[in-house]
Amino acid sequence: MTAIDMTLGDRLTLKQLAYAIQNGFSPIVEVESMDGIYKVRFHHANGVSDLSDTHGRVSTFLGTGEIRDTLGQLGLTHGVLTFSDQCGDEMIGVSGRAITPDEMLTYGTRIAFR
C-alpha cells in the first residue's frame with residue numbers, strides 16, 4: 001500500500017486523482033452503469049473512493065467515451081464496467097439475489113481507457 005492510499009477519503013476529485021496517480025496510486029477502476037448513467041469508483045488498499053466534483057458531489061456521465069478520455073489522459077489504462085441492476089430475470093421467473101461488489105468486479109466487463 002502506498003502512502004497516498006492512506007490519505008484518500010470516500011470522494012476523489014480529478015485533481016486529487018491526478019496527484020495520487022503521480023505518487024504511485026494504482027487503483028482498480030470501476031465504471032458502474034446505472035441505466036444509462038455512469039459513475040466511477042476507485043478500489044484501493046484503504047477502501048473505495050467515488051469520483052466527484054469540487055463540491056463533493058459524485059460525478060456522473062452519460063457515456064463511457066468521456067470517462068475513457070478523462071481517465072486515459074491521467075494515465076489510467078483500463079477498468080471494469082459493472083451494472084448496478086444485475087440480479088435476475090423476473091420476466092421469465094428466474095429468481096436472483098443482488099450480487100456483491102466483489103462479484104460485480106469479478107464478473108464485470110473489462111474496458112480500456114487508452
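The model is predicted, so local features need pLDDT of at least 70 and side-chain atom pairs count only at pLDDT 80 or more, while totals for chains, interfaces and linings use all residues. Residues are numbered from 1 along each chain as its sequence is written, and side-chain values use heavy atoms, with hydrogens and water left out.

A salt bridge here is a side-chain nitrogen of Lys or Arg within 4 Å of a carboxyl oxygen of Asp or Glu. Searching the whole structure gives 5 of them.

**Stop one.** Select Arg-41 and Glu-30, which form a salt bridge with their closest N and O atoms 3.2 Å apart. Arg-41 is in strand β3 (residues 37-44) and Glu-30 is in strand β2 (residues 28-34), so this pair ties together parts that are 11 residues apart in sequence. Strands are DSSP runs (E, at least two residues), numbered from the N terminus.

Buried or exposed? Arg-41 counts as buried, at 17% relative accessibility, and Glu-30 counts as buried at 2%. Buried means under 20% relative accessible area, exposed over 50%, and partly exposed in between (1.4 Å probe, protein chains only).

**Stop two.** Glu-32 is buried, as is Arg-41.

**Stop three.** A network of salt bridges links Asp-50, Arg-41, Glu-30 and Glu-32.

**Stop four.** Select Asp-69 and Arg-68, a salt bridge whose closest N and O atoms are 3.2 Å apart. Asp-69 is partly exposed, with a relative accessible area of 41%, and Arg-68 is partly exposed at 39%.

How values were computed: Helix = DSSP H or I, 4+ residues; strand = E, 2+ residues; numbered from the N terminus.
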